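Let's take a friendly walk through the charged pairs of this protein. Have the sequence and the 3D view ready as you read.

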Amino acid sequence: MSFVKDFWEDDQIVWPQEPDTSSIERICRQRLALLSDATCSVSLMAEGSRNKVYNINTDDLAYVMRVCLPLDPLKVSGEVATMEFVRQKTTIPVPSVVAFDPSGGEELPFPWILMDFAKGTALRRPWRHMGMDRKRKIVTQLADIQSQLARVQFSAIGGIQRSEVNGDFVIGRATNEDYRRPGYNFPAILGPQFCSHDWVQVRLAEVARLLDETISGFPTAEAGDVVAQHFAKELARDKTQVEAILPFLPGCYSPSLPESTSLYHWDLHADNIFIDDNDTITAVLDWELLIAVPEWSAMEFPKFLRTKHRKRAPVREDYGEVEDWLEEEEKSDAMGCNRSYWKAQGEWEATQLRTFYLAEMDRMSPGWADRHRATKFHRVLEQQILFLEYGGWNGDVRGWLEAYQGDGQVPKEGRMDSKWPTLQEDTPCDAELYDDESDVDDEAGIDDRSEHDRENASFVPVVEEMGPGETDCTEKTVVGQPRTEETVEGKDEWERISEKTRSGGSSGFQFIKSFFNFYFYLSD
């Protein structure tokens with residue numbers, strides 16, 4: 001099947017047709033060698049904009065088939081190669097791949113993977129009811145997973161593929177679901193690259209190119225046109241950030257230094273971790289789009305543990321009752337507390353567990369914690385580049401770069417200044433934002449800020465459901481006011497469009513391109 005431009009309509013991905021479940025059944029019967037009278041039922045289990053997941057039940061076993069849009073010709077083969085590599089080189093529990101088709105065919109015109117059904121229960125369900133001892137047991141296993149991945153070294157930055165010559169595992173270009181999106185030059189940035197300097201430089205150069213292209217074609221904002229003025233200002237701001245970072249790179253990364261790399265599972269959250277009744281991890285899912293990265297990048301905390309920093313446990317009495325509009329199962333699981341309480345509890349627990357995770361990593365790989373601290377600057381800079389690629393704002397890098405001492409450490413003076421970039425785990429939660437802003441070192445277990453009266457009772461957060469380790473922890477909070485329809489829905493037009501523009505998902509540069517698209521949307 002050839003790739004067609006019409007998968008994208010107004011920056012939204014659409015399926016040209018629904019996968020036919022009878023075709024899925026015929027493929028499964030053939031690949032599983034089932035008799036004609038054997039049971040083979042197909043049911044849709046989950047779906048997103050790019051993937052649809054089907055439950056396959058037979059008389060003996062259960063399987064999962066994931067059907068994908070053909071957005072990158074190497075996506076499925078790369079994921080299968082990565083899973084096979086991890087199964088061969090580590091003891092990490094990865095589902096076995098039964099069969100796959102990287103491009104699709106006449107029977108089913110979409111790429112697909114058929115794999116064993118993951119054993120156990122997704123960690124999100126029991127996590128809330130676990131004590132800290134059980135949670136530390138899970139974190140120890142996460143540290144072991146990261147240690148195993150880090151011990152398998154490569155010599156390039158890119159995705160794992162099978163060699164067409166001899167079938168060996170090799171590092172090729174990274175895969176990206178926007179690889180063939182019209183107007184994007186992904187072949188130039190996906191590698192493979194052989195050092196951090198080149199990897200970062202080519203990505204920033206592509207951001208600069210897209211910014212120049214968008215700015216040159218952006219209409220001149222008329223007087224009173226708030227939306228256009230706002231977007232033009234943000235485009236100019238992002239261009240300033242790129243221009244500040246590019247000349248800084250040679251002093252941060254050696255342009256000629258080959259680097260060792262390793263795999264890092266960037267999407268290790270509670271829905272991708274399965275456990276049994278003994279709290280043993282039985283499966284780790286979602287190995288798509290993973291790449292081998294430099295050591296400083298692979299030292300990131302698992303997504304499961306990345307939350308804002310909360311130094312004090314939340315007090316239940318400071319939060320309201322469970323929401324009436326929740327489903328009965330959700331109400332029962334909430335144990336009488338509202339979602340804001342559980343979000344705060346998750347932040348506090350993750351703050352404690354990050355310190356434990358660092359200690360476990362250091363026990364398994366001596367010196368790891370020191371290297372983690374010594375490379376934090378590079379991870380903050382990488383996060384800033386991701387914001388430029390994906391859209392968003394994480395602070396002005398100019399003064400921050402000037403304060404950098406070249407030692408891998410994040411500049412401390414002004415570190416809590418909201419205008420400077422910071423990692424999420426170093427950002428205080430909203431309820432503690434106005435504590436004395438002295439040194440807070442999550443990694444060393446140091447927090448010498450003074451206590452203050454709790455203000456949680458006057459906070460009325462308006463948040464989406466947050467599970468353990470989810471990274472979108474921004475609270476839209478009205479201090480000292482009851483929740484009203486005005487506080488929830490009172491957004492003017494430019495805020496609404498700005499939010500919609502930023503909701504581009506995993507598109508590498510969708511935010512930049514969306515400025516132009518949505519300007520004409522408003523003009524129509």
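This is a predicted model: local features need pLDDT of at least 70, side-chain atom pairs count only at pLDDT 80 or more; totals for chains, interfaces and linings use all residues.

Because Arg-203 sits in helix H5 (residues 196-217) and Glu-389 in helix H12 (residues 376-390), the pair ties together parts that are 186 residues apart in sequence. Helices (H or I, at least four residues) and strands (E, at least two) are DSSP runs, numbered from the N terminus.

## Another buried pair, and a network

Asp-426 forms a salt bridge with Lys-376, and here the closest N and O atoms are 3.0 Å apart. Asp-426 belongs to the loop between helix H13 (398-403) and strand E15 (440-441), while Lys-376 is in helix H12, 50 residues apart. Both Asp-426 and Lys-376 are buried.

Salt bridges with shared partners also join Arg-50, Arg-66, Lys-75, Glu-79, Glu-177 and Glu-288 into one network.

## A pair within helix H5

Arg-209 and Glu-213 form a salt bridge, their closest N and O atoms being 3.3 Å apart. They are four residues apart in helix H5, so about one helical turn separates them. Arg-209 is partly exposed at 32% relative accessible area, and Glu-213 is partly exposed at 36%.

## The whole count and how to read it

How many salt bridges does a search of the whole structure find? The search finds 34.

Residues are numbered from 1 along each chain as its sequence is written, and side-chain values use heavy atoms, leaving out hydrogens and water. Local features need pLDDT of at least 70 and side-chain atom pairs count only at pLDDT 80 or more, whereas totals for chains, interfaces and linings use all residues.

Methods
A salt bridge is a side-chain nitrogen of Lys or Arg within 4 Å of a carboxyl oxygen of Asp or Glu. Buried means under 20% relative accessible area, exposed over 50%, partly exposed in between (1.4 Å probe, protein chains only).
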